[in-house]
Amino acid sequence: MDANANAPARARSHRRDTFCTIVPPHVLDKLSHAEDASLAGLARRTLEHDALQRTRRRITTVRGVPAARAAAPSDKPERTIYDAHRKTSLPGKKVRGEGDQASGDDSVNRAYDGLGATFELFLKAYGRRSIDDSGLPLNASVHYSEDYNNAFWDGEQMVFGDGDGEVFLDFTIPVDVMAHELTHGVTQYTANLEYFGQSGALNESMSDVFGSLVKQHVLGHSAEEADWLIGAGLLTDRVTGVALRSMKAPGTAYDDDVLGKDPQPGTMDDYVRTSRDNGGVHINSGIPNHAFYLAATALGGNAWERAGQIWFDVLTGGDLASDAEFADFAHLTVAAAHARYGEGEEQTAVQEAWAGVGITDLRARVGAR
């Protein structure tokens, strides 16, 4: 069944083409105050660029649903990679299309492979054909701007910076970064979660969950073998840290004299109330991230199977309101586990996972969908 057919009317008719970046504003803000003037200047340039892009997206945020594609969606991706040549005009020059031979540019090839890996996970695990479930072409631009310290989904395509080489490396390196940003597109076409407060943190968490699952699928890692890190391999050796975020242990991804300490909480006891970053969407996402980790590791095996299926059912099922809070999502995951697997270990694992992050009293909502 087409998930869009069940989506809430408000979400279907007013899609929010949110500008979403992998590096949170609080990280760049901390970096912008570094004693090293060159690092601080690059961070400020990235912050200024991202703020401008967010403003542009708000201006064009209300759109109707795109017309249905005439042909049946394919089981094959339709990828096009462009080279922005360190400029900000998108998409840039086409350098590789679907089925073309590999390029001599590693960034081009990594982007091509990452788009394919994301398409494959959503198709093979969940039967979803591309971001919109209707074969939406997957476009990406590499070498965006100069020393740009971010990657983003702009509502229509993926964009990757090269990083400054001092703090961040090329943003095409971690496949979960690509999958994270593309999942923002999936959310845009399904639950369309508002990018503010807890619904915004859920939006970010959905991208971390499926970003991690794409990486696990590529590597063939089980829930026990996975590192549960988002953005591993993105930070240079100069940084004291391993990634941007940890789903296994929120708040431990980095502790650096320039970037500061990872501020993510893992439970509701440490929930951060802030007006910055759209109400802390990149910070408080650590809570639902950790709940998924707990559910997936309790169930064992491949996390994209049972745990991932439950999360996917809720994201695409049509009952998740665009302004949902953590408890709303938690109730729906318990109900989804019950609906798909009955009263068994799946339902128990999901309930205990949410209890583990401080969200309880979920049993009463089972079967309420």
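Helix α5 meets helix α7 through Ala117, Thr118, Glu120, Leu121, Phe122 and Tyr126 on the α5 side and Phe210, Leu213, Val214, His217 and Val218 on the α7 side; contact here means heavy atoms within 4.5 Å. This is a predicted model, where local features need pLDDT of at least 70, side-chain atom pairs count only at pLDDT 80 or more, and totals for chains, interfaces and linings use all residues. Residues are numbered from 1 along each chain as its sequence is written, and side-chain values use heavy atoms, leaving out hydrogens and water.

**How the two helices cross**
- The axes of α5 (residues 106–126) and α7 (residues 197–219) come within 9 Å and cross at roughly 90°.
- The two helices are therefore roughly perpendicular to each other (a label for angles of 65 to 115 degrees).

**A look at Asp170**
- You will find Asp170 in the loop between β8 (158–160) and α6 (175–189).
- Asp170 is buried, with a relative accessible area of 12% (buried means under 20%).
- The side chain of Asp170 makes polar contacts with those of Ser107, at 2.4 Å, and Arg110, at 3.5 Å (a polar contact is a pair of N or O atoms within 3.5 Å, where within protein one must be able to donate a hydrogen and the other to accept it, and residues adjacent in sequence count only if both atoms are side-chain atoms).

**How confident is the prediction?**
- The protein averages a pLDDT of 89, and 88% of the residues score at least 70 (pLDDT is the predictor's confidence in each residue, from 0 to 100).
- Over residues 57–68, pLDDT stays under 50.
- Residues 364–369 also have a pLDDT below 50.

Terms used
Helix = DSSP H or I, 4+ residues; strand = E, 2+ residues; numbered from the N terminus. Buried < 20%, exposed > 50% of the residue type's maximum accessible area, 1.4 Å probe, protein only. Axes fitted to C-alpha atoms, helices over the stretch in contact; angles between N-to-C directions. Parallel < 35°, antiparallel > 145°, perpendicular 65-115°, else oblique.
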